[in-house]
Amino acid sequence: MQALSLSFLRSRRLTIEVRQKIHLVPRIAIIVGAVLFGLGICIAILVSRDVDVASIYDEFIVFTFLNAYGVSTVVVHSTPLVLVGLAAAMAFRVNYWNIGIEGQLFMGVIGCTVIAYYDIGPEFLRLPLMFIFSLLFGALWALPSALLKLRLNINEVISTLLLNYIAYYIVLNQVFGPWRDPKDNFPHSPAYDDFERLPKVGWEDVHYGIVGVALAFAFVWWVIERSRFGIQSRFVSANPRMVVAIGLPLSVITLISALSSGALAGMAGFTIAAATEGRLTFQLAGGYGFSGIVIAFLSGNRPLIVVVVAFLMGGLYVAGESMKVFYSLPDALVGLFQAIIVLSVTASEFFARYRLRMAHYERV
Amino acid sequence: MTAALEFQGVHKSFDGNPALVDAFFIAERGEVHALLGENGAGKSTLMNIACGLYSPDHGVVQVNGEPVVIDGPMTANSLGIGMVHQHFKLVENMTVAENIAICHMSSSGRESLNAVRKRIGEASRDIGFEIDPDRRIDTLSVSEQQRTEIIKVMMGGADILILDEPTAVLTDEESTRLLDQLKSFAQQGKGVILITHKLREVFSHADKVTVMRAGATVEASCDPGELTPVELSRLMVGEAAPSESLELRTGGDVVLELKNISAKRANGTTALDDLSITLRAGQVYGLAGVGGNGQTELAETLMGIRHIESGEFTLGGQVLKRPTPRELRRKGVKTIPAERYIYGLAGDLSVMDNFVVSHLSSGTFGPAWWINRRAILRGTLEAIQEYEILGAGPATRARLMSGGNAQKLVLAREMSGDSRVLLAHSPTRGLDVRACAAVHEYLRDACKRDVAILLISEDLDEVLAVSDRVGIINRGRLVGEFDAPVAREAVGQLMVGHA
């Protein structure tokens with residue numbers, strides 16, 4: 001309980017006071033306020049690039065969220081976003097900073113492409129095998145960093161980050177080398193066969209990946225909110241020394257969380273490769289890994305909010321795409337907007353922790 | 001004579017909860033001024049205003065007769081106010097010399113670590129403390145850390161010296177030496193303010209006493225010689241709490257036995273040296289000693305987080321080799337740790353989570369794949385009621401509870417389920433009189449249920465009041481054992497003697 005103070009005047013001054021607790025309503029109000037503040041800055045940037053307010057409204061609200069085709073596109077875009085968001089949340093909640101989601105996603109795609117490229121298994125089992133291999137490869141790619149962290153106390157931020165590059169170069173090696181498509185000689189793998197692709201559910205481009213997302217969400221929600229593991233893992237981030245002292249398996253909890261995180265990232269890769277792209281390309285990760293970190297952060301690692309934030313983030317992607325096409329604005333815009341909103345929300349934490357108040361200091 | 005430090009009509013509230021209500025206080029130079037009150041009476045809050053950590057909502061603060069705005073510790077420092085806090089302000093992974101150098105860097109410019117080291121040597125000789133300037137803070141015991149704090153402030157050249165319960169972790173002899181030192185500071189013309197709740201210190205060393213209760217000043221600048229201990233304690237707590245007499249317990253079967261155990265600290269020094277202790281069912285074994293003599297390492301051994309180098313650890317007749325925390329807990333060895341928020345509670349999680357976390361595997365709260373949230377809620381509510389945990393609901397974050405209630409929560413968790421051995425390490429540190437009494441009451445209750453209790457405490461009064469058998473630890477060795485009733489002086493001598 002430290003109170004900082006700013007002296008404006010000698011007799012009256014603004015003091016910053018630590019809040020003992022904050023109720024849900026003001027807490028939500030602060031976050032919503034921060035998001036609106038961030039959106040305000042984003043709108044100002046767009047207006048400065050000669051986009052008028054009416055078309056901003058049209059692109060970001062009407063064509064993305066108030067129109068059936070728009071919503072379906074957003075759903076397609078959010079499918080991998082929910083998965084990477086859940087992946088990050090799963091790791092972050094035990095203070096395991098998995099920055100390697102992008103690499104694990106790539107390895108997931110390699111996993112399912114191995115099955116597709118070498119035609120492993122009968123046709124009707126092909127898709128399930130691809131799914132399982134993407135999970136396995138994603139988890140395997142998360143394993144070395146987790147072991148290094150647990151055995152040798154090597155910082156997982158560094159090791160997971162660096163494994164991203166290794167995964168990326170493995171992908172480049174495959175698509176420029178052994179897996180280059182002989183049909184067009186472009187650097188991507190040959191297209192998957194029809195039975196190796198996730199079928200569509202019958203609403204625009206929305207595919208069965210959303211069922212996977214629903215299952216993944218249910219799994220993560222159950223683990224975090226309803227399983228014994230969930231309560232125990234809460235203590236891993238809240239007080240690791242206590243976890244050891246009361247005899248809970250700290251390493252096992254961290255390892256399981258890290259591997260689940262990798263598997264979910266691999267699954268995100270699977271939905272992109274098997275549904276949207278239909279092959280392995282070296283651009284397919286498209287910054288998803290880092291969006292996952294943003295989504296988990298904004299949602300406070302809560303699975304239900306991950307879904308909501310990922311959906312809104314999907315909208316941002318879709319609107320950003322059309323801004324690119326119709327207003328020739330750069331790609332970086334989406335990243336910039338993400339960053340602005342994240343910074344606003346981070347900064348708003350100050351108002352959740354402290355309260356500003358005028359105090360009187362009397363002169364004699 | 002103008003007062004060194006004066007407060008008039010000071011109000012302060014935290015998030016709507018008043019901590020100070022129209023408090024006033026005047027300290028003069030040349031005196032040791034005791035600020036007496038229960039925990040939560042507002043003593044520390046008032047003094048934190050003096051040292052610039054809090055700003056008052058309302059009211060006047062004067063130093064040397066001049067109204068001042070103390071807007072930070074630096075300002076307080078320049079006004080000559082220095083405070084030794086109850087919770088130490090030290091950087092754990094730095095050495096004593098580095099911690100002290102950081103504090104004096106801005107005032108005296110950059111000084112080489114060697115010079116600081118030398119000055120620490122001089123200062124600690126003056127005060128009569130021994131401290132190795134090159135030890136890292138996290139390898140020091142609580143009492144050694146406090147010595148560092150006291151040396152830090154004294155080296156800062158403060159002439160209004162505030163000490164928040166400085167003797168809480170010292171032995172009688174060390175306390176007397178410190179208080180004598182403070183007295184001589186006062187005689188040199190400095191103002192010394194001593195926050196305390198020990199009446200003995202007030203009568204032996206204070207020139208003036210101010211008593212606070214519930215955020216208000218109830219007696220100001222009074223001569224302690226004019227009051228009797230009973231009057232003073234009545235001013236402090238409102239009414240005297242009845243002390244309970246206890247019957248002696250001889251103890252039943254041997255439950256836990258440590259035989260000739262030895263352990264080293266991370267830096268290679270000997271922590272435990274050929275130590276043997278026997279705990280019996282239904283008996284409180286009190287281990288007295290000055291902090292830093294191996295108590296922490298012994299506690300860690302019993303928690304299973306430190307491995308002994310030699311010796312035998314026997315639990316229920318069975319020799320355990322490298323016992324793990326999990327194994328020990330499953331066999332009923334429970335702990336009330338000295339540092340509540342390190343080994344006992346996760347401050348950011350709810351009371352409910354903190355209560356159930358170590359009971360989940362029992363199955364009472366549902367199977368591994370589906371926790372029974374209703375059972376958890378019910379269990380927590382029952383514990384809150386049974387242990388009289390006040391001001392907290394199941395969803396309250398553990399950090400928001402007062403020290404006493406947080407300790408009751410730890411007790412509630414550790415005592416439910418099968419317990420055979422209870423390790424209580426400084427279980428009442430920082431608690432007020434009533435919370436102390438409640439904790440002691442629970443220890444006695446546990447005793448009646450045939451639990452073997454090891455009470456490790458640096459508070460000799462506590463050890464003598466609760467224990468059936470008393471052991472004294474000094475430099476990692478057991479230097480004496482007595483059955484209650486124990487002569488206070490004999491124990492005191494063994495605590496500070498050269499073992």
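Trainee: Where is A:N95 found?
Mentor: A:N95 sits in the loop between α3 (68-92) and α4 (101-117) of chain A. Helices here are DSSP runs of H or I with at least four residues, strands are runs of E with at least two, and both are numbered from the N terminus. This is a predicted model, where local features need pLDDT of at least 70, side-chain atom pairs count only at pLDDT 80 or more, and totals for chains, interfaces and linings use all residues. Residues are numbered from 1 along each chain as its sequence is written, while chains are lettered from A and ligands numbered from 1 in the order in which they are written.

Trainee: What is phi of A:N95 near?
Mentor: Near 60°, a positive value in a residue other than glycine.

Trainee: Why does A:N95 count as partly exposed?
Mentor: Because 14 other C-beta atoms lie within 10 Å of A:N95. Buried takes 20 or more other C-beta atoms within 10 Å of the residue's own, exposed 12 or fewer, and partly exposed lies in between, with C-beta atoms placed from the backbone.

Trainee: And A:S328, where is that?
Mentor: In the loop between α12 (303-327) and α13 (332-353) of chain A. Phi of A:S328 is near 45°, also positive in a residue other than glycine. A:S328 counts as exposed because it has 8 C-beta neighbours inside 10 Å.

Trainee: New topic. What is the mean pLDDT of chain B?
Mentor: 84, with 93% of chain B's residues at 70 or more. pLDDT is the predictor's confidence in each residue, from 0 to 100.

Trainee: Where is confidence lowest in chain B, and where highest?
Mentor: Lowest in helix α17 (residues 488-496) of chain B, at a mean of 74. Strand β17 (residues 421-425) of chain B is highest, at 94.
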